[in-house]
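The following note sets out points for a colleague who wishes to examine the model in detail. Please read each point alongside the display below.

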Amino acid sequence: MPAPSSSTWDRRSVLRAAAGLAALGPLAACGGDTGREGGGGSGKSLVQYFHAYGEAGTQEAIKRYAKAYDEARVTTQWITGTNFESKLFSALLTDDAPDVFEFHPQLQLIRSGQVAPLDDIIDPVKADFNPADIASHTVDGKVYGVRMIDDPQFFYYRKSLLEKAGLGVPRSLDELAEAAAALTTDKVKGLFIGNSMVSTNHALVWAAGADQLDDRNRIAYHTDDVAAALKVYRRMFTSGHLLLDAPADYWDPSALVQGLTAIQWCGMWAMPVMQKALGDDLGIFPFPPAAPGAKPAVYNGGWSMFVNAKGEDVDLAKDYVKWLWIDQKEYQEDWALGYGFHIPPRTSIAESATELKSGLPAEAVKLFTDYGRFDNISWTQAMITAFEEVVANAVRKGTDPEKALDAADEKVGRELEKLFA
Amino acid sequence: MSTTTTRDATRPVPAEAPAAGPRGGVRGSTLSFWLFTGPFLAGLVVFVYVPIGWSAYLSFFEARYTVTPDKFIGFDNYALMLTNGDFTGSLVTFTVFAAIIVPVTWALSLGLALMVHRLRFMKAFFRSVFFLPTACSFVAASLIWKMSIFSGVRFGLMNTVLGWFGVENTAWLADPDPPWYWLVIVTVRLWLQAGFYMILFLAALQNIPPVLYEAAAIDGARPGWQTFRHITLPQLRATSTAVVLLLLVAAYQAFDEFFNLLAKSTWGRPPLVELYYTALGDDQDYGAGSAGAVILTLLICMVTLLQGRFLGFGRGDDSR
């Protein structure tokens, strides 16, 4: 075959060749970086998954801690985007699954043997942990996961704006709706509860005097008071008093700091940024009661470290978790207080945390202890999603709350059946 | 990828097949055949056929949080998916989406092509400018649309512009009633893909023999609509068909903009998004997800066969 003369390399054939090469690209990508190449001093390596924290310096901090670990080279996957859980869940099924990952306590991970019990590393310091954090990670007497941080979530508000409108702190959900109306001007919206309005889901149910599940793991959220609270939400949604489609979601302090809203649901992590931006013009209050006789509600979220029981070297992974999240108190303190504010789950660290002893942080700690409730390990991701659909349908779409709750009952019922049948 | 599949369609006059020369012989050509197709066939088997087979296998099992299940449940997953309003609803969503995006993109890209084709100067510049958005990723564009153009706050671009006319701030994505989210979704896709199809139309326009226009002019056809209707449009038939098919395929594959623009919603989910949430989302129900995928595959096969019947695409005669 004669060699093609240079004149046959016209534009079209070059493009064709380029298209062919482009088609090969995805194949080449398959051999990509799994984070397992190379190795530290001992040649061993671990992969850890974190969701992307919003506070500046967090990613560097996690990598700095990991680097200080001598037994293995630890690679950090910093997962951006809003769907950390689905990325984590699908990664866990592959060969590139993380050895350790942060998540919330959820029963299906334990039932499927995905996470390893960590009693042997926790037992020596069990008494030093917040008992609620141990309880929320315990199934059949075994503890799964080491709590890193507790994150109470509540409402932040601009004191000056409420004063100007002649309002006190809302004492009921109806008062919150009225406050949102009174605070709304053509520049500022009254209230921000997140773009998808699902961030208050736990608190909403608790403030309506209900619970996700009862003691015997039966549906407990389907009550008249919850349905009534959803109707208040719907009323607020259609009233134009809520901040919607904001560039940054509820977990980011921007909406309140930039003056887009007067009240915002957020977590304690955002407190340093808000205080720096707003100074004394900042107050907090719990989710107000939404039913007669119900208590105000604060959602004690947070993140815990889990060990992948199906990982390549479970003992090494456990050793790493013990080293960082049980032994290295300096790092734990840095992680809880150095960037955003979080409540350290270790009593010894929490007691020495001067940052949380006075002012607004101390108020937040009081809300955490007085009204805070923790995750129920039996309330799994599929159920969380089912209730998020209730809010999507009943609040944003305008479906009858009863009907939306019925649909959730079916989905949650199927999950409960699978977990407890 | 699509460039290779549409190349022939954009060339209405079939190239004369060069007379096969006596090089190589039969053995040589067999070897070349496997040499050239082998890697692609292997890739096809490993990355397409094995997953499809695996998916069909999974659809008969209860596969939650695992892709190597052991509990056979027959057709339960299929029953679940077919009675699942979300899944059947997603087919409606797709139909609505395709019914809007396919004709609109077709018309816009043809219009752009006609305009660029008539340009006497700066043709290459405008061709590139309209084609450039194709290089942008759907995710990046969705984020710009969501956070900057169609943001719900008072300084979002659309709200600012509408504010000049005294229109109240609109939550474009949060509120499904009225369904403004379709405007966001359709415009982002339109911006991203119109330029690519414009290039296809442009190539086809350049291939229309000028003698046809001269003949039409001699026969008394008025320039403008009459010439367009009776000369240009029929000459573009092969390209138009290809563009419509490609647009349908692209609409069917739509995922990124729906996924990124509509968070935590129960509406506006085309089949792929719905199945993603079933199989790979929080539910991790690979059995039900696979059953849905198999149902979809069967539907696509049926539609493709019907389409072949009606449009005569791929029949191989002079289908211009």
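**Notes on the predicted model**

1. In strand S3 of chain A, A:Val100 is the bridge partner of A:Gln48. Strand S3 (residues 100–103) and strand S1 pair in the parallel sense over 2 bridges; two strands are taken to pair if DSSP finds at least two bridges between them. Helices (H or I, at least four residues) and strands (E, at least two) are DSSP runs numbered from the N terminus.

2. This is a predicted model, in which local features need pLDDT of at least 70 and side-chain atom pairs count only at pLDDT 80 or more, whereas totals for chains, interfaces and linings use all residues. Residues are numbered from 1 along each chain as its sequence is written, while chains are lettered from A and ligands numbered from 1 in the order in which they are written.

3. S1(A) also pairs with strand S2 (residues 73–79) of chain A, in the parallel sense and over 7 bridges. Within that pairing, A:Leu46 has A:Val74 of S2(A) as its bridge partner.

4. How much of S1(A) is buried? Of the 7 residues in this strand (residues 45–51), 6 are buried. A residue counts as buried if 20 or more other C-beta atoms, placed from the backbone, lie within 10 Å of its own, as exposed if 12 or fewer do, and as partly exposed in between. For chain A as a whole, buried residues make up 46% of the 421 residues.

5. A:Met148 lies in strand S6 of chain A. A:Met148 is buried because 22 other C-beta atoms are within 10 Å. Leaving aside residues up to four places away in sequence, A:Met148 touches A:Glu102, A:Trp303, A:Ser304, A:Met305, A:Trp325 and A:Trp335; contact here requires C-beta atoms, placed from the backbone, within 7 Å. A:Val365 is 217 residues from A:Met148 in sequence and 16 Å away in space, C-alpha to C-alpha.

6. Chain A is divided into domain 1 (45–151 + 301–370) and domain 2 (152–299 + 377–420), with bounds from an automatic or database domain assignment. Their C-alpha centres lie 26 Å apart. Across the boundary, 24 residues of domain 1 are in contact with 22 residues of domain 2. On the domain 1 side, helix H4 (107–111), strand S6 (146–157) and helix H16 (359–370) each supply at least two residues, and the largest share, 6 residues, comes from H16(A).

7. The contact between the chains takes 32 residues from chain A and 29 residues from chain B. Helix H1 (11–29), helix H3 (84–92) and helix H17 (381–397) are the elements that give two or more residues to the chain A side. H17(A) provides the largest share, 9 residues.

8. The secondary structure of chain A comes to 18 helices and 11 strands. Its C-alpha trace spans about 90 × 60 × 50 Å along the principal axes. Among contacts in chain A with a separation of 6 or more, 75% join residues 24 or more positions apart.

Note on methods
Contact = placed C-beta atoms within 7 Å.
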